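Below are my notes, in the order I looked things up.

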Amino acid sequence: MSDDTTPTRRVLWTAGDAAAATGGRTAQGWAATGVTIDSRKVAAGDLFVAIQGPNFDGHAFVGSALAAGAAAALVSHVPDGLPADAPLLRVEGDTLDAMAALGAAARARCTDVRMVGVTGSVGKTGTKETLRHVLSAQGPTYATEGSLNNHWGVPLSLARLPADSRYGVFELGMNHAGELGPLSRQVKPDVAVITTIEAAHLEFFASVDAIADAKAEIFEGLNPNGVAVLNRDNPQHGRLAAAARAHGLTHVWSFGGHDECEARLLDFSLHATCSAVTALIRGERIQYCLSLPGKHWVMNSLAVLLAAKALGADVAMAARSLSTLQPVKGRGTRKRIHLAQGAFTLIDESYNASPAAMLATLEVLGKLDPGAGGRRIAVLGDMRELGERADALHAALAEPLRAAHVDAVYACGPHMRALFDRLPAAMRGAWTETSVELAPIVTAAAKGGDVVMVKGSLGSRTGLIVEALAALDTRTDTASTPTTTTTTAQPQAANGQRG
């Protein structure tokens with residue numbers, strides 16, 4: 001009797017189905033249980049798609065992908081050095097277009113799936129993961145991994161969509177106008193959620209109004225009978241609602257504190273590790289415990305429950321599921337780091353940063369009480385893509401840091417210098433040009449009782465500081481460490497940071 005408990009992956013693509021979807025040719029009778037574009041992360045049974053990107057050509061890695069267990073490789077030409085019987089699906093033209101064709105075929109064969117697309121300046125990935133969590137309790141649910149939300153990530157995610165999915169949750173991102181519409185038309189969502197519109201990616205947009213217009217492109221692919229879910233408390237609500245109606249949508253629902261919201265926040269209380277919420281969801285009064293702290297999570301939970309309602313899911317069951325929600329790696333995970341003289345709490349917010357996200361995170365930090373003799377420490381990296389207002393927006397964090405009773409600030413990056421210079425001397429821990437230089441300074445400063453929060457845009461590489469702090473842990477038994485949800489990393493060129 002075998003004691004192997006590894007789950008068996010189901011077939012996503014047979015050789016014949018993949019060839020029919022892409023117009024390609026294959027001489028092998030293979031079957032793929034997954035799809036990937038990263039040869040370093042090939043799992044046995046994957047279809048490896050050899051994408052030619054700006055910095056690499058996936059055809060150079062076909063041999064290593066097949067050696068790692070890939071069932072086949074999708075190519076535009078036969079790479080040198082492969083055996084004559086190598087399992088290849090050869091297509092004419094760009095393999096990215098072929099992968100998009102796979103995605104389109106996967107979407108077309110899922111006739112019963114209910115799809116939701118999620119975008120917004122902040123909160124996309126958290127909202128997507130929350131929808132994954134609550135919907136998975138009610139039926140087979142697929143959601144994009146990590147932040148695969150761009151012109152590579154969306155077709156890849158669609159190509160991975162199982163045929164028996166009841167719900168599909170797709171994150172859609174952009175950092176230029178004109179990018180979101182094509183993604184939405186690929187996904188064809190039944191529900192479109194826009195979490196909020198904030199001052200992000202100002203380097204590429206003339207105004208916040210322009211950001212809202214770019215986000216409104218999500219309506220281009222929305223089912224004409226579908227539902228747009230919008231943040232009524234955001235100043236851009238009216239602009240977004242008008243855009244939805246201009247696309248012929250008649251079901252425009254909102255969430256927030258306004259009396260006319262379809263998901264109306266009635267009452268809430270914020271605590272260090274959770275929130276208690278009372279809300280009215282399309283006339284149904286719901287009380288629930290949200291396992292993640294912060295008002296931004298409260299607002300996102302309203303969007304989730306309203307989207308669940310629009311998808312036809314059980315709202316009460318979805319609300320109950322919110323009590324067991326876990327944070328995503330790099331977006332609020334917490335860990336106790338044990339030192340010889342005591343333990344400190346490490347909060348990992350290193351994946352992304354914007355002015356709005358910084359404010360929300362600092363509010364949470366302010367509610368956490370350090371241990372005896374401990375301090376609240378903020379370790380901050382640059383917020384990227386803010387254009388000519390970058391220095392001013394960084395400097396403006398000084399007051400929120402004081403309001404959160406932060407004791408010491410350690411910062412890296414040229415724009416964070418503007419903040420560091422604005423701080424009173426007593427709050428200045430250290431500033432360096434890069435995260436590599438800052439990491440040993442922070443690790444030397446951390447002590448038992450501290451609460452250390454690390455946050456920055458992905459390009460600031462503050463994740464290196466998180467890793468350095470985690471490496472201080474002297475305890476080898478991690479059984480009692482809180483479980484956190486993690487996501488699979490993808491190549492930077494394919495993933496990137498997008499709003």
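This is a predicted model: local features need pLDDT of at least 70, side-chain atom pairs count only at pLDDT 80 or more; totals for chains, interfaces and linings use all residues.

Where is Ser-354 found? I traced Ser-354 to the loop between β17 and α11. (Helices, H or I with at least four residues, and strands, E with at least two, are DSSP runs numbered from the N terminus.)

Residues are numbered from 1 along each chain as its sequence is written, and side-chain values use heavy atoms, with hydrogens and water left out.

**Ser-354 again.** Is Ser-354 buried or exposed? Ser-354 is buried, because its relative accessible area is 5%. (Buried is under 20% relative accessible area, exposed over 50%, partly exposed in between, with a 1.4 Å probe and protein chains only.) Not counting residues up to four places away in sequence, I found Ser-354 touching Val-122, Ala-200 and Met-383. (Contact is heavy atoms within 4.5 Å.)

I looked up the second largest pocket, and it holds about 960 Å³ of space. Its lining has 45 residues, and the closest to its centre are Val-122, Gly-123, His-296, Ala-356 and Ala-357. Which helix gives the most to this lining? I noted α11, with 7 residues. At least two lining residues come from each of α4 (124–136), α9 (295–311) and α11 (355–366).
(On a 1 Å grid over the protein atoms alone, a pocket is an open set of points where a 1.4 Å probe fits, with protein on both sides within 12 Å along at least five of seven lines; lining residues have an atom within 4 Å of a point. Points are joined across faces, edges and corners, and the volume is the space filled by probe spheres set on them.)

**Strand β21.** I checked residues 451–455, strand β21, and 5 of its 5 residues are buried. On one side sit Val-451, Met-453 and Lys-455, on the other Val-452 and Val-454. Side chains alternate between the two faces in a regular strand. β21 pairs in the parallel sense with β17 (residues 342–349) over 5 bridges, and Leu-346 stands opposite Val-452. (Two strands pair if DSSP finds at least two bridges between them.) Strand β18 (residues 376–381) also runs parallel to β21, joined by 5 bridges, with Arg-376 partnering Val-451.

**A nine-strand sheet.** I followed 9 strands in an open, mixed sheet, in the order β8-β9-β7-β10-β11-β12-β13-β14-β15. Its edge strands, β8 (141–143) and β15 (284–290), each pair on one side only. The twist averages 15 degrees from one strand to the next. (Axes are lines fitted to C-alpha atoms, for helices over the stretch in contact, and angles run from 0 to 180 degrees between N-to-C directions.) Inside the sheet, β7 (residues 114–119) and β10 (residues 191–194) pair in parallel over 4 bridges, with Thr-119 opposite Ile-194. Helix α9 lies across several strands, including β7, β10 and β12, and runs at about 150 degrees to β12.

**Cysteines.** How many disulfides does a search of the whole structure find? I got 0. (A disulfide is a pair of cysteine sulfur atoms within 2.5 Å.) For Cys-289, the nearest cysteine sulfur is that of Cys-274, 4.6 Å away. Cys-289 counts as partly exposed because its relative accessibility is 37%, whereas Cys-261, at 8%, counts as buried.
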